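Welcome! Please take a moment to look over the sequence and the 3D view before reading on.

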Amino acid sequence: MKNRIYLSAIVFFLALTSGFSQSETISPARKQAIDSLALEKVKDLSQYISIIGSKETQFSEANRVMDRAEELFAPGAEMGVSSINSNDIAYYKVRRYFERLMALNYDRVNITWYDIQYISDLERQPDGRYVGVITVYQRFEGTSIETGMNYKDTTKKDITIYVEKKQTQIAGRTIDFWDVMLGDVRVTETSA
Amino acid sequence: MRLSLALFAVFFISIGFVSAQTYRGSGTVIDDGRFAASTKQLNQFFRRFNAEESPDGSKRYYPGDSLYHNIPLRQGFIQILFDNQTSSVNPSLKKEFIDHVLSGVYPQYINFHRDGWFAEVETEFIFNGRREQATLFLKIQPEGLGYEWVIEEVSFPTFQRLFNKPQGENKDFLHPLSHELGFMNLRRAFQDSGAPESYTEKAFSPDYLTLFLYEMNKGNLRFETVKGVKFHFFQIDGWYFEVNQFNRPGFNTGWLIANLVKLNPGDQETILDFIYDQN
């Protein structure tokens with residue numbers, strides 16, 4: 001299902017890129033298309049996080065979803081987490097972060113997302129790839145039945161996106177397309 | 001123009017009156033306007049300062065768009081780009097700054113790729129087994145096909161304590177006929193003196209960044225974590241401002257101007273010396 005969505009996004013890009021093949025700059029129209037694809041990936045990540053965190057998700061299913069979630073990220077991506085009480089950033093590999101989320105000691109976990117996101121401009125890196133940041137907000141609620149403890153927080157997630165021009169072969173023709181990968185994520189607890 | 005100001009006002013007034021987060025049927029939490037109002041990224045600080053996006057941040061304005069660099073929109077944005085809760089920026093100074101930036105004759109903008117702004121990053125390192133604070137100063141520079149952040153300076157109190165060059169009568173010296181003795185008195189200078197920097201030229205200034213990198217390469221200095229970030233801007237002629245991140249309840253949050261100084265001749269160097277804290 002997801003692969004089909006991404007494929008359609010890539011096709012959309014092909015249509016957009018065909019008129020711009022000589023130029024490496026990203027036009028507003030192409031930027032908008034890249035934003036849409038990047039947002040799709042962020043939404044998928046949000047959905048995967050909700051599934052991994054949910055206590056109703058079986059262990060094997062959570063592991064399968066973690067695999068899918070990991071595929072969204074560029075190799076070596078890390079989550080940098082800080083809280084209201086400490087500005088220190090704790091670093092976790094993406095997989096480790098998901099495993100910690102799955103292992104949280106609550107009987108009921110509810111993860112929801114705010115209906116707001118902010119997408120930065122794309123800046124070009126020395127290696128020619130473009131980089132941007134998408135900001136989203138997550139609300140977490142965990143309940144422990146035994147202790148009656150109810151924990152809530154809202155976190156801001158600043159998610160790196162890497163945008164790269166790639167090539168593919170379609171019917172013997174080499175065609176350029178733009179692909180998006182997620183990178184490091186900064187997780188900050190907010191006062192909201 | 002009047003329409004854009006009205007739109008801006010309606011947007012920010014309306015988000016100010018809604019007080020609670022609500023849930024939509026799908027499980028999505030509807031923002032009560034606080035996150036929309038927050039300057040969520042430094043990128044948004046640039047866009048708002050220059051009026052290069054819509055009031056809610058959902059639409060990017062480009063040259064040729066009717067509201068791109070629109071003066072009333074900028075005025076509304078810049079007003080909310082100040083920390084209005086804890087910083088004591090004088091209102092008349094703020095007004096003078098806004099008037100200066102929005103000048104009809106020579107409006108001024110901030111630019112991501114231009115010199116005149118840099119980041120100050122508070123970090124923690126383990127140095128010889130002990131936890132130590134270090135402040136890194138980073139700037140944007142062109143490199144290869146794009147840009148990169150690079151370290152320009154470091155302030156590391158542990159090193160600074162090591163370099164305390166005595167002045168005047170307290171300063172040891174190599175007497176002016178030392179050469180006749182084949183500089184044999186260097187032994188006393190280096191072995192007996194507790195401050196070998198006494199024997200350096202007037203213009204000597206320790207290069208802390210080189211020392212810092214040396215210690216890191218030798219394995220004596222290990223990065224631990226980042227504790228805070230702020231930004232310094234000198235891009236507006238005759239003005240300096242500092243941008244900090246405010247993570248607190250309410251609508252005046254995110255990346256905001258925490259400090260504003262009108263510069264007289266020579267002030268920029270004084271402020272830079274203070275920020276870099278190299279002495």
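## Where the chains meet

Keep in mind that this is a predicted model. Let us begin with the contact between the two chains, to which chain B gives 28 residues and chain A gives 26 residues. On the side of chain B that touches chain A, the elements giving two or more residues are strand 2 (29-30), helix 2 (34-37), helix 3 (42-50), strand 5 (146-155) and strand 6 (221-233) of chain B. Strand 6 of chain B provides the largest share of that side, with four residues. Sorted by class, the side of chain B that touches chain A holds nine nonpolar, 11 polar and eight charged residues.

## Domains of chain B

The domain assignment divides out domain 1 (30-115 + 234-276) and domain 2 (170-202) in chain B. Taken over C-alpha atoms, the centres of domain 1 of chain B and domain 2 of chain B are 52 Å apart.

In soluble globular proteins, nonpolar side chains tend to be buried together. Here, the largest nonpolar core has 46 residues, and A:Ile52, A:Ile134, A:Ile159 and A:Ile161 have the most contacts inside it. Helix 2 (residues 28-53) of chain A supplies the largest share of this core, eight residues. Another core, of 15 residues, lies apart from it and includes B:Phe49, B:Leu67, B:Val243 and B:Ile257.

Which residues does A:Ile52 contact, leaving aside its neighbours within four places in sequence? They are A:Thr57, A:Ala62, A:Val65, A:Met66, A:Phe98, A:Leu101 and A:Met102.

## Two helices of chain A

Helix 2 of chain A packs against helix 4 (residues 94-102) of chain A at an angle of about 45°, and their axes are 8 Å apart. The two helices are therefore oblique to each other. In this contact, A:Ile49, A:Ile52 and A:Gly53 from helix 2 of chain A meet A:Phe98, A:Leu101 and A:Met102 from helix 4 of chain A. By class, the contact of these helices has five nonpolar residues, one polar residue and no charged residues.

## A closer look at B:Gln133

Our last stop, B:Gln133, sits in strand 4 (residues 130-143) of chain B. Is B:Gln133 buried or partly exposed? B:Gln133 counts as partly exposed because it has 15 C-beta neighbours inside 10 Å, whereas a buried residue would need 20 or more.

Leaving aside neighbours within four places in sequence, B:Gln133 is in contact with B:Glu122 and B:Glu124. B:Tyr61 is 72 residues away from B:Gln133 along the chain, and their C-alpha atoms are separated by 41 Å.

Technical notes: Residues numbered from 1 in each chain as written. Chains lettered and ligands numbered in written order. Predicted model: local features only at pLDDT ≥ 70, side-chain atom pairs only at ≥ 80, totals over all residues. Contact = placed C-beta atoms within 7 Å. Nonpolar A, V, L, I, M, F, W, Y, C, P; charged D, E, K, R; others polar. Domains from an automatic or database assignment. Core = buried A, V, L, I, M, F, W, Y, C linked by C-beta atoms within 7 Å. Buried ≥ 20, exposed ≤ 12 C-beta atoms within 10 Å, placed from the backbone. Axes fitted to C-alpha atoms, helices over the stretch in contact; angles between N-to-C directions. Parallel < 35°, antiparallel > 145°, perpendicular 65-115°, else oblique.
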